[in-house]
Amino acid sequence: MGKFSEIVFLVIDDSKISRKWLIEMIPPKILEHATIIEGTNGQEAIDLYKEHQPDLVFMDITMPIMNGIEALQAIKALNNDAMIIMISADRQKSTQERVLTLGASAVLAKPVNADEFRATLLKLVF
Ligand SMILES: [Mg+2]
């Protein structure tokens, strides 16, 4: 086990295929020693965050039950150092600025560009 052995990722998206694509973009060297936890809405994000204390959260915005912006606020209230990358089809600058103001570490637009994704991931985790 190397230096990646303790990395825990939380992947929150109501779309199973979006979660799958996202996980597949994680570089294999990181993925093979990482723990991936998946959830499908903002409430699950909060519950899973409390349970697993992930190193990095990938959070969709538009989801049933509780959206990603509400979950972002709740998790940042629990731990202001939480690292959360928001991932959304909403390309409006106002939405992107809002989530950054609320404490998101980064915002990526769907469909996620793999190079941009990896660069953001590596910058935040290492
Ligand atoms: Mg969604």
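## The metal site

D60 is buried, with a relative accessible area of 4% (buried means under 20%, exposed over 50%, partly exposed in between, using a 1.4 Å probe and protein chains only). T62, at 59% relative accessibility, is exposed. Both belong to the magnesium site: D14 (OD), D60 (OD) and T62 (O) coordinate the ion at 2.1 to 2.2 Å. Donors here are N, O and S atoms within 2.8 Å of the metal (3.2 Å for Na, K and Ca), and sites may look incomplete because water is not among the atoms. Along the sequence, the donor spacing reads D-x45-D-x1-T.

## A word on the model

This is a predicted model, in which local features need pLDDT of at least 70, side-chain atom pairs count only at pLDDT 80 or more, and totals for chains, interfaces and linings use all residues. Residues are numbered from 1 along each chain as its sequence is written, and side-chain values use heavy atoms, leaving out hydrogens and water.

Strand 1 and strand 3 run parallel and are joined by 4 bridges. Within strand 3, F58 is the bridge partner of V11.

Technical notes. Two strands pair if DSSP finds at least two bridges between them. Helices (H or I, at least four residues) and strands (E, at least two) are DSSP runs, numbered from the N terminus.
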